[in-house]
Amino acid sequence: MAKTFKNTKTVEERKAEAAALQAKIAAGVESLTDSEQWEKYLRYCRAFHSYSVNNCLLIMAQMPEASRVAGFRKWQSVGRCVSKGQKGIRIFGYAKKKIEEENDQGDTEERVFEYFPPLSVFDISQTEIIDEDKASAGEIAHRLEGEDAEGIADAVEKWLTDEGWTVTTEAIGGQTNGMTSDKDRKVIISEKLSPAQRAKTMIHEAAHVVLHADLDPAEYIAHQGQKETEAESVAYVVAGMFGLDTSAYTIGYIAGWAQGDTEIIRSTAANVLKASHIIYEALTATEDEAAAAA
């Protein structure tokens, strides 16, 4: 197991620091959700539908990197248009139609007929901004800028590789920074990230490996808000323990997935702290271990 950083903290100090960082997430979300930006974000989000598990699975099968999808006109309503030549992601819609039919007594009665017509949606990566003000309303998580001074990303990558996972850097569309495939035991990180954002994303995906790798895709999708809240909370805690503040991205990201509900953040604390300690310990060595390895 890869251990790259010297750990001079006691177990009690480490647990206290992690718990304090985890508690700060809820406070940050509460502050954001009291802001004018949150109101703008909610108005922006109302343009988007909540898709069924089956439709989410269809989207995932056709475009695994999709991060936010909507129909052609919905994108226009939030200041974006679908780029020329883009191929839609096919899902099933829902519609109702009233029909009149004759019953057994020969009387005409009205019946509501439900059906599921196929339709096309598009990911944000397939769109272009046409109204900057409307489009920017949906941005509450801001990608980190700057360096990864401690080499966190490389350390996490080495640990995951030692654990039998393949880590690659590739082009990923839309706003997706990373993806984890349990089936292929593979972690993919977007090639367009700053070193600091890459470090945070590596921890986020490592958290998925620790917490969610064995989940059935349908189960993950059904509880995606909770799972993403957990993984991003782990990223915030572990990065913070190495001196990297990810709040500019993490608070908005978690607020969006948790829909501003801080109870979700608090209810996932046990899982977050458990995974945080696993990852932190995997990346650090005690003074005795460091001396033995020297």
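Where does Gln259 lie? Gln259 sits in the loop between H10 and H11. Hold on to that residue while we look at the whole chain.

This is a predicted model, in which local features need pLDDT of at least 70 and side-chain atom pairs count only at pLDDT 80 or more, while totals for chains, interfaces and linings use all residues. Residues are numbered from 1 along each chain as its sequence is written, and side-chain values use heavy atoms, with hydrogens and water left out.

Start with the overall build. The protein has 13 helices and twelve strands. Helices (H or I, at least four residues) and strands (E, at least two) are DSSP runs, numbered from the N terminus. Along the principal axes, the C-alpha atoms fill a box of roughly 90 × 40 × 40 Å.

Of the 294 residues in the protein, 44% are buried. Buried means under 20% relative accessible area, exposed means over 50%, and partly exposed is in between (1.4 Å probe, protein chains only). The protein exposes about 15500 Å², and carbon and sulfur atoms supply 48% of that area. Accessible areas come from the Shrake-Rupley method with a 1.4 Å probe; for residues, only the protein chains shown count as cover.

Now consider contacts, meaning heavy atoms within 4.5 Å. Take those between residues at least 6 apart in sequence: 72% of them join residues at least 24 apart.

A nonpolar core is a set of buried Ala, Val, Leu, Ile, Met, Phe, Trp, Tyr and Cys residues joined through side-chain atoms within 4.5 Å. The largest nonpolar core here has 63 residues. Trp75, Val156, Leu160, Ile203, Val234, Ile279 and Leu283 touch the most other members. Several elements each supply at least two residues of this core, including helix H1 (11-33), helix H6 (152-162), strand S11 (186-190) and helix H7 (195-212). H9 gives the most, with eight residues.

Look at H9 itself. Of its 18 residues, 15 are buried, so H9 is largely enclosed by the rest of the structure. At 1.5 Å a residue, H9 should span 26 Å, and its end C-alpha atoms are 26 Å apart, which agrees. The expected span of a helix is 1.5 Å times one less than its number of residues. Just after H9, Gly243 takes a positive phi of about 90°.

Compare H1. This helix has 23 residues and reaches 34 Å from its first C-alpha to its last, close to the 33 Å expected. Its buried residues include Arg14, Ala18, Leu21, Gln22 and Ile25. An α-helix has 3.6 residues a turn, so residues three or four places apart point the same way. The buried residues of H1 pack against strand S1 (5-7), H2, H9, H10, helix H11 (262-267) and H12.

Now zoom in on H7. Thr201 lies in this helix. At 1% relative accessibility, Thr201 counts as buried. Leaving out residues up to four places away in sequence, Thr201 touches Asn177, Gly178, Ile189 and Leu193. Val209 is buried at 15% relative accessibility. Leaving out residues up to four places away in sequence, Val209 touches Leu160, Trp165, Thr180 and Val187.

Move to a strand. Ala70 is found in strand S2 (residues 69-70). Is Ala70 buried or exposed? Ala70 is buried, with a relative accessible area of 1%. Leaving out residues up to four places away in sequence, Ala70 touches Phe48, Tyr51, Trp75, Val121 and Phe122. Ala47 is 23 residues from Ala70 along the chain, and their C-alpha atoms are separated by 8.3 Å.

Finish in the loops. Arg185 is found in the loop between strand S10 (178-181) and S11. Phi of Arg185 is near 50°, a positive value in a residue other than glycine. Arg185 is partly exposed, with a relative accessible area of 35%. That brings us back to Gln259. Gln259 has a positive phi of about 55° although it is not a glycine. At 69% relative accessibility, Gln259 counts as exposed.
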